[in-house]
Amino acid sequence: MTNDVHPRARRSVGRLNAPRPALVEMHVDGSPQLVNRQRVTFVREEWRVVDRWWTEEPVNRHYFEVVLESGENACVYRDADAACWFTQRA
Amino acid sequence: MIACLLIPGFELRAALRSRPGVELKPAALAPVPGTEPLLGPVTAAAEAAGVRAQMRLGEALASCPELVLVDPDPAEVEREWEGVLRRLEDVGLAVEPVDPGVVVFETKGVERLYGGVAEALQRALAAVGTAWDPRAGAAGRRFAALAAASVARPGQILIVEGKEEREFLAPLPLSLLPLHPERYAELEGLGVRKLGELAALPGGAVAERLGPDGRRAWALSRGGERRRVRGRAPAVELAEALSFPEAVANELTLRRAFGALLDRLLARPDRGGRPFRKLAVAARLVSGGSWRRTVTLREATAERARLRAALGPKLAELPAPIVELRLEAVELADHTGTQLALVEPRGQELGGRLREGLRQVRASTGSGSVCAVVEVAPWSRIPEARSLVVPRDE
């Protein structure tokens, strides 16, 4: 018979692959030009995720999978509601 | 004396704790899905509107269209009931819970401490708190104590002396007896409406007409047997919970989450190496209600595979998607030696090495530093909703 859950139980459960804020400059068409001060050489793929619109935390993201000038692959998205850019492993 | 403390409609009251304000409206505990559509306990406002407990749902809604149906919340009921029992134990009472909302205890051990039966019961009512509207009864036998508590008003104490029990029970209604509704109708058809009228009948004739249940009811109407109260063993406080970022119904995900919870429960140092005798799986449903199943193990064990085999199938009984899964150790057995295997199962050695490696990492970096990734919604389009990082302190 229970009682309160062990404090550690709730405190330390975390999400994997949480989005991190990114510094992005974009072209006039909305595609990223600079990601964290590195030039984007190629946009490999782009897609939209619109989900949970029936909840109080709707998701409306425009994802871009890009190749940076250093050769590194990166995945960034623009949150349409917050008008901010984030980087995340998709 | 044997005392009984009663909180009528405890399931509804507990479910309404998270919905303040509803207790003042006409509200009733909704029927459990898949069972006969009969209402559970109802609020005073619902009673005033003509709604009764055990009334058919359609009939209740027809007579009171504004009736609020409250989903059953067994996990909350369990939690609140445990709190009530602990508060009673804190004032020195060895309690024997009967049902949520009904508890019996002996007053003998605390009469001298508090200065009498009435004072001890007053103390018990104060410990429970006025918010629950508890009432108490005391008598020489259990059933008489329960009957006394049933007719007492909220906060009132009713003490029935031994020689007055028969007279006290005689005018009370038959509804106090644990009988099937058809039996009440049968007895009413025979003109028996009071406990005294049933008690006056010959026991053999009652048994012949109503069977073993009737015989038991007849014995209760005469006061019932003199059975001692056995205080419960102290409850343990071991529980682990996992909240999901979004509602989950997939059995594979549930089993993975359950596995992670089991690992964490087994790793709790306060278990002290003792095996589990009784466990409970509980979940908070996306609709707001809760679900709970308890499993008593035939042989107390702390083996992961056995526990998974015993509890895992219960997850298939979940009635709706859930947002939180919880695993509780209800009862632990004493530590006993276990028979070692002659031939170790395959992978045991590798598993042992892995555990030892992780133990060393934890020893050098601290608790919570070793985590496992649990996939909770691998199909989700939102990357951060697919997996959780759960501490692995095994």
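**Figure 1. Strand S1 of chain B and its pairing with strand S5 in the predicted model**. S1(B) and strand S5 (residues 102-106) of chain B are joined in the antiparallel sense by five bridges. Within S5(B), B:Val103 is the bridge partner of B:Leu5.

**Figure 2. Pairing of S1(B) with strand S6 of chain B**. Strand S6 (residues 135-139) of chain B runs antiparallel to S1(B), and five bridges connect the two. B:Cys4 has B:Gly137 as its bridge partner in S6(B).

**Figure 3. Side-chain directions along S1(B)**. In a regular strand, side chains alternate between the two faces of the sheet. From S1(B), B:Ile2, B:Cys4 and B:Leu6 point one way, while B:Ala3 and B:Leu5 point the other way. Strand S1 (residues 2-6) of chain B is largely enclosed by the rest of the structure, because five of its five residues are buried.

**Figure 4. The largest nonpolar core**. This core comprises 65 residues, and B:Ala3, B:Ala28, B:Ala136 and B:Ala145 have the most contacts inside it. Helix H7 (residues 142-151) of chain B gives the most to the core, namely seven residues. Domain 1 (1-18 + 73-233) and domain 2 (19-72) of chain B each supply at least three residues to this core.

**Figure 5. Surroundings of B:Ala136**. Apart from neighbours within four places in sequence, the residues in contact with B:Ala136 include B:Ala3, B:Cys4 and B:Leu5. Further contacts of B:Ala136 include B:Leu121, B:Ala124, B:Leu125, B:Ala149, B:Ala152 and B:Ile157.

**Figure 6. A second, separate core**. This second core has 33 residues, among them B:Ala75, B:Leu262, B:Leu307 and B:Leu332.

Conventions:
Residues numbered from 1 in each chain as written. Chains lettered and ligands numbered in written order. Predicted model: local features only at pLDDT ≥ 70, side-chain atom pairs only at ≥ 80, totals over all residues. Core = buried A, V, L, I, M, F, W, Y, C linked by C-beta atoms within 7 Å. Buried ≥ 20, exposed ≤ 12 C-beta atoms within 10 Å, placed from the backbone. Helix = DSSP H or I, 4+ residues; strand = E, 2+ residues; numbered from the N terminus. Domains from an automatic or database assignment. Contact = placed C-beta atoms within 7 Å. Pairing = 2+ DSSP bridges.
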